[in-house]
Amino acid sequence: MSTAVTIRPARRSADELRALAERGAAELRSRQADEASPAEVVAWVAENFGVAQAAVACSMADAALPHLVAQSLPGVDVLFLDTGYHFLETTFTRDEVARELDVRIVDVTPAQTVREQDAEFGANLFERDPGLCCARRKVEPLQRALGEYELWFTGVRREEAPTRAETPLIGWDERNGLVKVNPVAAWSFDDLIDYATAHAVPVNPLIANGYPSIGCAPCTQPVAAGEDPRSGRWAGLAKTECGLHL
Ligand code: SF4
């Protein structure tokens with residue numbers, strides 16, 4: 001785990017960063033016939049951004065993405081959205097990642113504790129208005145945290161959901177105003193597990209217990225083998241995304 005103090009250079013303008021994202025996407029397309037590999041995508045980032053300018057979003061379902069990024073950007077910040085509703089296994093995995101990988105875990109917390117939110121909106125807001133709950137406990141805190149950086153990595157994969165099918169390797173994140181990089185967009189779930197196994201990176205024990213997609217405990221259920229991996233998220237509701245990757 002890195003403990004170094006981060007000194008961040010001045011943030012480049014949105015126009016500069018948007019142009020850089022477009023150039024990166026074009027460069028990676030032109031290098032070879034096949035789509036660039038996750039390692040090649042991360043290497044392109046390391047050529048164009050300093051480690052202090054990049055962050056990795058991680059739900060602590062597994063640490064494949066932080067491990068992959070840390071190969072080219074050791075000591076990179078890993079943002080963990082500490083919603084106050086996580087499974088114990090998830091916080092355990094977070095601690096394991098902090099111990100074992102060359103990354104710096106940054107706990108990103110909502111403006112209100114769960115108790116404060118309950119006092120203002122009533123208990124279990126996630127049951128009555130999960131959109132509002134996610135907005136307050138995930139979307140706003142992440143947006144606030146991303147303001148520090150020029151680029152963020154996500155573990156979004158195209159096969160996860162129809163809404164993710166067109167995910168590019170590199171793009172401009174208009175809502176958050178920074179470059180968004182999805183190095184493992186082309187990976188299957190098996191690719192992810194194969195990488196985690198080959199590199200002995202921490203994996204949330206819930207994955208082996210029927211939770212292929214892991215979010216907050218009240219909104220995540222196990223799924224049967226062969227079912228849509230994300231069907232256990234907000235099961236029974238129309239909601240399929242927390243709003244982080246719109
Ligand atoms: Fe709230 Fe559920 Fe969203 Fe977590 S996943 S922030 S508990 S609605």
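Trainee: Where does the ligand sit?
Mentor: The ligand sits in the second largest cavity. "Sits" means that more than half of its atoms lie within 2 Å of the cavity's grid points. A cavity is a set of points, on a 1 Å grid over the protein atoms alone, where a 1.4 Å probe fits but cannot get out. Lining residues have an atom within 4 Å of a point.

Trainee: What should I know about the model and the numbering?
Mentor: This is a predicted model, where local features need pLDDT of at least 70, side-chain atom pairs count only at pLDDT 80 or more, and totals for chains, interfaces and linings use all residues. Residues are numbered from 1 along each chain as its sequence is written, and side-chain values use heavy atoms, with hydrogens and water left out.

Trainee: How many cavities of 30 Å³ or more are there?
Mentor: Two cavities reach 30 Å³ or more. Grid points are joined across faces, edges and corners, and a volume is the space filled by probe spheres set on the points.

Trainee: How much space lies in the second largest cavity?
Mentor: About 120 Å³. It is lined by 15 residues, and the closest to its centre are Cys133, Cys134, Lys138, Cys216 and Cys219.

Trainee: Which helix gives the most to that lining?
Mentor: Helix α7, residues 130–146, with five residues. Helices are DSSP runs of H or I with at least four residues, strands are E runs of at least two, and both are numbered from the N terminus.

Trainee: What classes are in the lining?
Mentor: Nine nonpolar, three polar and three charged residues. Ala, Val, Leu, Ile, Met, Phe, Trp, Tyr, Cys and Pro count as nonpolar, Asp, Glu, Lys and Arg as charged, and the others, Gly among them, as polar.

Trainee: Back to the ligand. Which residues are closest to it?
Mentor: Tyr85, Cys133, Cys134, Cys216 and Cys219 are the closest of the ten residues that surround it.

Trainee: Is Cys134 buried or exposed?
Mentor: Cys134 counts as buried because its relative accessible area is 7%. Buried means under 20%, exposed over 50%, partly exposed in between, with a 1.4 Å probe and protein chains only. Cys216 is buried too, at 10%.

Trainee: Staying with α7, where is Leu142?
Mentor: Leu142 is in helix α7. Leu142 is buried at 4% relative accessible area. Its C-alpha is 8.2 Å from that of Leu79, which is 63 residues away along the chain.

Trainee: Is Ile207 buried or exposed?
Mentor: Ile207 is buried, at 14%. Ile207 is also in the segment after α8. From Ile207 to Ile193 is 9.7 Å, C-alpha to C-alpha, and 14 residues in sequence.

Trainee: Where is Val97?
Mentor: Val97 is in helix α4, residues 88–100. Val97 is buried, at 0% relative accessibility.

Trainee: Last one. Which strand holds Val76?
Mentor: Strand β2, residues 76–81. Val76 is buried, at 0% relative accessible area. Its C-alpha is 24 Å from that of Arg158, 82 residues apart along the chain.

Conventions
On a 1 Å grid over the protein atoms alone, a cavity is a set of points where a 1.4 Å probe fits but cannot get out, and a pocket is an open set with protein on both sides within 12 Å along at least five of seven lines; lining residues have an atom within 4 Å of a point. A residue is near a molecule or strand if one of its heavy atoms lies within 4 Å of it.
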